[in-house]
Amino acid sequence: MNNYAVVVGINHYIPPIEKGLKSLKGAIPDAIKVRDWLVTKGGVPDSNCHLITSTLDPLNPDRDLIDDAIEKVMSDVKDNHDKDADRFYFYFAGHGLGVELDSENNGLCVANWNSNTRDARALSSKDYIKKFKNEGLFKEIVVLMDCCRNQKLYFNPVAAPSITPLGPNRNPKYFVAYATLYQNEAFEADYASDDEVETRGVFTKVLLDALNGAAANGSAQITAVSLSNYLQLQVPIEAKLKNFSQEPDTSHNTNDVKIMYFS
Amino acid sequence: MEKSAPSPKRNKKQSGTVSKVKTGSNTIHKLTILIRETYALITKVKIFDHQFALVNDDEPISFSEEYRVYSLTSGKYVIRVIINGLFEDNEIELIKDKTCGIAYQHQQQDTEALSLPKLYSSAPLKGDLEYSTTHDYYLKPAVAISSMPENPFLKDKELKSGLFIFIHYPSKDLYQERYRSHSYWEKFSLLGSNGELIKQFPEGCIQDRDNHQWNIVKHAGYIGFRLSTKPGLYYLQYNDDQNGRIIPLYVYESWYTQFFMTVIHTPLFETIRIFLSHKLAFDPYDKYHGYIDICLNKLQNNDYSVAESLVRNIAYGKFQSPMLGLLGAYLYLSSKEVKENELFKMIVYNIQEKILKNSAESPDLWALNMLSYKHFGTTISGDESKTISGAPMLRIAFDVIRNAAVAYPWLVPEGSINDYIAENQTFDSPYNTFLPSALNAYRKATSNAIRIHDLEIFDAYNSSEDNVLMDYQEHSPFPWEKIKVNRDENQNKNLQDSLDSEKPPKKVLGLIDRKILAQRSAKLQDILKNPNELTDLSYTLLNHLTAKPNMSNAEVAKQLNMPINTISRLMKDMGL
C-alpha cells in the first residue's frame with residue numbers, strides 16, 4: 001500500500017519561567033512506538049515514515065521542521081504516485097491548547113512555543129486536517145493527537161501553509177482522534193515495562209493496545225468503528241486507574257459500507 | 001460482530017412498548033434505566049456490548065426523561081454512568097427484561113441499583129445529589145459562620161445584604177497530610193470596588209482552630225468570613241507571585257453572595273461556586289445548587305443547549321436562586337434557540353427588574369443586556385445605562401462585553417477596569433478571574449485621571465446641595481471649568497438607543513494610512529531589536545503586526561476578539 005506518515009513527539013519546551021510549557025516525558029517514547037507500529041503492522045514503508053522527536057539543544061522541532069516533513073510527503077505522492085496514494089497518518093504528542101469558541105480546533109504547540117510567540121508557534125489542528133483532506137492526495141486520512149485541549153489564553157493557532165486541491169480524492173475517508181474532549185486535559189502516567197518505569201500518554205498507550213489487536217471486532221478486524229468504540233471504552237478506564245479523568249474525542253466518516261480498516 | 005436492534009424512538013413516559021422478538025437465536029430484551037429527576041440532567045449513559053461496541057450514544061441534554069428504554073440482544077453489557085466527567089462502569093448480563101436504577105428512589109425489589117461516580121463540589125452540598133466532598137467538618141462551620149451576626153453584640157438588621165466566603169481544603173486528611181503554616185490564609189484579602197483594602201485575611205475570619213462548639217475537628221483546613229455590607233462590587237484577592245488572582249464578587253440588594261472555593265496550597269479556581277441567597281445562612285439542601293453546576297459545565301464546554309426540564313428549573317428556581325436564573329439566561333441567550341424566546345424575555349425581565357432589583361450597576365446584569373439585544377433586538381427594560389464600570393462575576397458575562405467591544409468601542413472605555421481585565425483575563429474557571437496587574441494598572445490610571453463619572457462632587461454640583469459644592473470649591477484643587485467643558489454630550493443616551501444608533505460598520509476598515517504604516521514599520525523594527533518587558537497580549541499584537549503591518553486597530557481587535565480600546569491603548573504604549 002502507498003501509505004505515508006508524519007509522526008511528531010515533543011518532550012522539550014521553553015520552560016515556564018520563560019513563559020513556555022513544562023517539559024513532558026511520554027511524548028517521545030509514544031511517538032517512537034507509534035512509528036514502530038506504522039512501519040510494521042501499519043503498512044507504512046520505512047522510507048515513507050517521517051519521525052520527528054524533540055531535542056533540547058538545539059530546541060526543536062519548530063513549525064518549519066514539521067511543515068517540511070508534510071511537504072516532503074505531499075511532494076513524494078505527487079512525484080511517485082500520480083497524486084493518488086492510499087493512506088496518510090499524522091500523529092502528534094506534545095502540548096496542546098484549546099481555542100476559544102472553536103471546539104473543532106486545537107493548537108499543537110511546537111518546542112519553541114511560549115506565550116509571547118503564541119499563535120505563530122502552534123499548528124491549527126483544524127486547518128491541518130482540512131489541508132490533508134482537501135488536497136486530495138490520499139484516499140484515507142488518519143489524524144491522532146495526544147495533547148491537552150484546555151484554553152489557557154487568547155489563542156489563534158496558525159493555519160497550514162497553503163491548501164491547494166492537488167489530487168483526485170475529493171471526499172477521503174478519515175479518522176480523527178483527540179486524546180481528550182474539548183476544554184479538557186490529557187495526561188501521561190508511569191507504566192512498568194520490564195524492569196523499568198516508562199512514562200506514556202494514557203491515550204497513546206490505549207491506542208497502541210487497540211491497534212495491536214485489542215480493538216478487533218467479532219470478525220477479527222480492526223475498523224474505524226471498532227477502534228473508536230474501543231478508545232471510548234478504554235481511555236477513561238485507563239485514566240481512572242491512574243487517578244485522572246479523561247475521555248477521548250473521535251470522529252470518522254465511515255460506516256458498514258464505507259469501511260476503514262486498521263488490520 | 002452481532003448487531004443489536006436499534007433502540008426504539010424515545011418518547012416521554014414511554015411504557016412497555018417494546019415486546020420480545022425472536023430473531024433467529026438472538027432474543028431481544030428490554031433494558032429500562034430509571035433515573036431520579038435531579039440526576040436526569042447531569043447523567044450520561046453509554047452502553048457497551050461484549051465486543052466493546054457502543055450500542056447507544058445517549059445525550060441526556062437533548063431530552064429530559066426520567067427513564068430510558070433500550071432493546072438489546074441477550075448478552076453481557078457494560079453500562080457506563082457518566083456524571084460531570086466522572087464515570088462508573090456497571091457490568092450486567094441480559095437474559096430477560098431488566099430494570100436498573102440511577103439513584104432512583106422508588107425502585108422495586110428487582111431493580112438493580114447502578115453504581116454512580118462520586119460528585120465533587122467546593123460547596124458542602126446535601127440533598128438529592130450526593131457529594132463525596134461534603135464533610136460535616138466543613139458543612140457545619142459553613143452554615144454556622146454564614147449565619148453569624150458580624151458583631152455578636154449588635155444585630156445588623158438594617159443591612160440585608162452581604163458577603164460570605166468559605167475557602168477550604170478537599171478534606172481534613174489532605175490538609176493534615178500536607179499541613180503548612182496558617183499564614184497561607186494571609187494570601188487572601190477582600191478589596192473594595194476601587195481595589196482598596198477592606199480586610200486582610202485571616203483577620204475577621206473564623207478558622208478551623210477556633211474554639212466553637214460546631215467545630216468538630218480542628219485542623220480541618222478552612223477559613224470562613226462573613227460581612228454585612230452594602231450592595232456593590234468587591235474583589236477577593238489571592239496574592240501570590242506565581243498564581244495571583246482577583247475574583248469579582250457582586251453583592252445585590254437584599255441578597256447574600258456566598259462564595260466557595262477549594263484550595264490545596266494553591267487555589268483551584270475551577271472549583272469556585274457562587275450562590276445568591278435571600279437567607280443569611282448557607283443552605284446546603286437548596287436543590288437548585290446542583291442545577292448551577294449543570295449550567296456551569298455547559299458554559300465551560302460551549303454547550304448552549306437547554307433541555308426542557310432545565311428550562312423549567314431555571315424558570316421556577318430563579319426566585320430562590322438568582323444565580324441559576326442568570327446562568328440559565330446566559331446559556332439560552334448565547335444559543336440560536338428561539339422556541340422559548342417569550343419565556344426567557346420574561347425570565348430576564350424578572351431577574352433584572354424584580355428579583356435583583358435596584359442593581360442596574362451590576363456588570364453581570366448589564367452584560368446580559370448585550371445578549372438580550374443580540375437575541376431579541378432589545379435590551380431588557382430599554383433603559384439601561386450606556387456604559388458600566390466594574391467587572392462581572394461570570395466569565396461568560398465578561399466574554400460578552402469583550403466580544404461586543406470589538407464592534408462597539410465605547411462598551412469598554414480605555415482605562416476602565418474591563419479594559420485592563422481584557423489584557424489579563426484567565427480561563428481556568430467558569431467565573432471571571434484575572435491577574436492582579438489589571439487592578440493595579442486600573443488603580444494607577446484612575447488615581448492620575450480626572451473622571452467625570454467617578455466624581456461625587458460633580459453629582460453634587462448637579463444636585464441641590466449647593467453648600468457641599470461651595471465648601472469643596474474652596475478647598476479643591478480640581479479645575480472645575482475643564483470638567484464642565486469635557487462633559488460627554490452623549491452621557492444621557494441609554495444602552496438601547498446607543499446600540500440602535502451606533503451600529504458598527506458591516507465591513508471593518510482593514511488598512512491604515514501609508515504615513516502611519518511607515519512609522520509603524522520603523523517602530524516595530526525597534527521593538528523587535530530591543531524588546532522590553534511586554535505583556536503577553538502585547539507580544540501577540542507584535543506577532544500580528546509583523547505578519548501584516550498595515551492592519552488597523554479595528555482589524556487587529558477583530559482578529560484577536562479584543563476591545564478596540566484595549567488594542568489602541570497597547571499600541572499607544574508601544575509607540576505604534
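**Helix and interface**

Me: How do you know that the span of α9(B) agrees with its 13 residues?

Reply: In this predicted model, the end C-alpha atoms of α9(B) are 19 Å apart, and 13 residues at 1.5 Å a residue should span 18 Å, so the two values agree.

Me: What makes α9(B) mostly covered?

Reply: Buried means under 20% relative accessible area, and eleven of the 13 residues of α9(B) are buried, among them B:Arg395, B:Phe398 and B:Arg402. The elements that cover these buried residues include α4, α6, α8, α10, α18 and α19 of chain B.

Me: Why is the meeting of B:Glu88 and A:Lys240 called a salt bridge?

Reply: The rule asks for a side-chain nitrogen of Lys or Arg within 4 Å of a carboxyl oxygen of Asp or Glu, and the N to O distance between the side chains of B:Glu88 and A:Lys240 is 2.9 Å, so the pair qualifies as a salt bridge. Across the interface of chain B and chain A the rule finds four salt bridges, and twelve residue pairs are found in polar contact, both residues being at pLDDT 80 or more.

Me: Which element of chain B gives the most to the side that touches chain A?

Reply: That element is α17(B), with six residues, while β3, β6 and α9 of chain B, like α17, each supply at least two.

Me: What is the area buried between chain B and chain A?

Reply: The buried area is about 2700 Å², of which carbon and sulfur atoms give 46%. B:Phe52, B:Phe427 and B:Asp536 supply 25% of the area that chain B buries against chain A, more than any other three residues.

How values were computed:
Residues are numbered from 1 along each chain as its sequence is written. Chains are lettered from A and ligands numbered from 1 in the order in which they are written. This is a predicted model: local features need pLDDT of at least 70, side-chain atom pairs count only at pLDDT 80 or more; totals for chains, interfaces and linings use all residues. Side-chain values use heavy atoms; hydrogens and water are left out. Buried area is the accessible area (1.4 Å probe) that two parts lose on being put together, summed over both. A polar contact is a pair of N or O atoms within 3.5 Å; within protein, one must be able to donate a hydrogen and the other to accept it, and residues adjacent in sequence count only if both atoms are side-chain atoms. Helices (H or I, at least four residues) and strands (E, at least two) are DSSP runs, numbered from the N terminus. The expected span of a helix is 1.5 Å times one less than its number of residues. Buried means under 20% relative accessible area, exposed over 50%, partly exposed in between (1.4 Å probe, protein chains only). Contact means heavy atoms within 4.5 Å.
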